[in-house]
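I opened my notebook to look up how one protein chain is put together. Come along and check each entry against the picture.

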Amino acid sequence: MKLATLPDGSLDGALLLVSRDQRQAVPVPQIAASLLDAVQRWDQVQPLLQERYEALNQGGLTEAIVFDPRQCIAPLPRSPQWLDASAFLNHGRLMEEAFKTPPIPHFDTVPVMYQGASDDFLGPYQDVALPSEEDGIDFEGEFGVIVGPVPMGVQASQALQAVRLLVQINDWSLRALGPHEMKTGFGFLQAKPSTAFAPMAVTPDELGPAWRDGRVQMRLQVQWNGQPFGHPHGGEMNFSFGELIAHAARSRRLTAGTVIGSGTVSNQSRAAGSACIAERRVIEKIDHGDIRTGFMRFGDEVSMQACFDDGRSGPFGLLQQRVVPAR
């Protein structure tokens with residue numbers, strides 16, 4: 001299934017089922033008031049949503065509407081918890097090499113993860129209002145999962161059973177603020193503004209074989225101001241989503257609706273480009289001895305689109321945002 005959310009004046013928005021070809025949609029208030037409601041009652045509502053989804057794809061619903069992703073807000077406008085990892089080790093190793101920082105202990109064996117703000121997720125076409133260009137405005141292309149309830153101490157081999165939906169993410173970062181916050185030992189706060197999501201959250205079966213080994217086996221096509229920036233592949237994720245879920249749940253239960261991100265999609269091959277500016281900058285420092293690319297300016301636009309290996313557009317839809325000054 002493909003699911004999206006329209007604004008309706010409530011905190012969680014109104015749930016939509018979106019057809020497989022992304023041309024039509026149908027509201028389903030009689031089944032679930034919102035996506036959060038659906039995820040929290042998944043075993044009850046999933047069969048009803050699936051039945052409605054099949055009818056929508058067969059063209060038999062007179063109440064179907066034209067689907068316009070530009071009208072969508074984030075599939076989950078808010079979540080009980082947002083946990084973001086750094087599961088592509090190439091990204092972290094590049095940072096260490098460029099800035100000669102001490103290696104993180106157990107980086108190869110224990111996932112790195114922080115807890116971000118989950119009360120104000122951004123929609124796929126929503127302008128991103130930020131306080132200052134001097135903060136080092138950066139995008140970060142990622143994949144993520146929305147889970148059902150996860151018991152404390154779940155094993156990685158069992159954790160994937162909790163995955164309800166997959167999402168595509170732009171985890172905005174303010175790079176000038178990050179170093180100080182990391183040194184405090186308390187983690188990110190000001191360096192991590194609200195996170196943005198592509199219009200559709202999808203059940204894993206929508207990816208077919210591109211959902212494999214607990215990873216999104218797709219390329220993330222990134223453009224900055226209309227120019228290609230990178231197309232790294234999600235298959236190089238060093239820790240699977242099963243391992244990330246188990247790490248997050250080691251000492252606490254996870255509530256249904258928790259979102260877990262992969263961290264910046266990053267590949268060893270330089271030809272794949274990058275999914276964030278910071279990584280391009282460190283590659284420039286390593287390869288050329290100096291940084292040549294600046295961070296984003298107000299008015300800049302970034303777009304992200306996951307694509308199957310055969311070049312077809314992925315099921316999440318396009319995420320396209322412009323950076324503007326906060327008023």
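**Entry 1: the model.** I noted first that this is a predicted model.

**Entry 2: helices and strands.** I looked up the secondary structure and found 7 helices and 20 strands in the chain. I then checked the radius of gyration, which is 19 Å, while the globule rule gives 20 Å for 327 residues. The two values are close, so I wrote down that the chain is as compact as a globular protein of that length.

**Entry 3: the box.** Along the principal axes, the C-alpha atoms fill a box of roughly 60 × 45 × 40 Å.

Entry 4: What share of the 327 residues counts as buried? I found 55%. The chain exposes about 14400 Å², and carbon and sulfur atoms supply 50% of that area.

**Entry 5: contacts.** I took the contacts between residues at least 6 apart in sequence and saw that 73% of them join residues at least 24 apart.

**Entry 6: charges.** I looked up 28 positive and 37 negative charges in the chain. Their mean positions lie 3 Å apart.

**Entry 7: helix H7.** I picked H7, which covers residues 277-288 and has 12 residues. From its first C-alpha to its last it reaches 16 Å, close to the 16 Å expected at 1.5 Å a residue. Which residues of H7 are buried? I listed Ile277, Ala278, Glu279, Arg281, Val282, Ile283 and Glu284. Just after H7 comes Gly289, and I noted its positive phi of about 90 degrees.

Definitions and conventions:
Residues are numbered from 1 along each chain as its sequence is written. This is a predicted model: local features need pLDDT of at least 70, side-chain atom pairs count only at pLDDT 80 or more; totals for chains, interfaces and linings use all residues. Side-chain values use heavy atoms; hydrogens and water are left out. Helices (H or I, at least four residues) and strands (E, at least two) are DSSP runs, numbered from the N terminus. The radius of gyration is taken over C-alpha atoms; the globule rule is 2.2 Å times the number of residues to the power 0.38. Buried means under 20% relative accessible area, exposed over 50%, partly exposed in between (1.4 Å probe, protein chains only). Contact means heavy atoms within 4.5 Å. Accessible areas come from the Shrake-Rupley method with a 1.4 Å probe; for residues, only the protein chains shown count as cover. Lys and Arg count as positive and Asp and Glu as negative; His and the chain ends are not counted. The place of a charge is taken as NZ of Lys, CZ of Arg, CG of Asp or CD of Glu. The expected span of a helix is 1.5 Å times one less than its number of residues.
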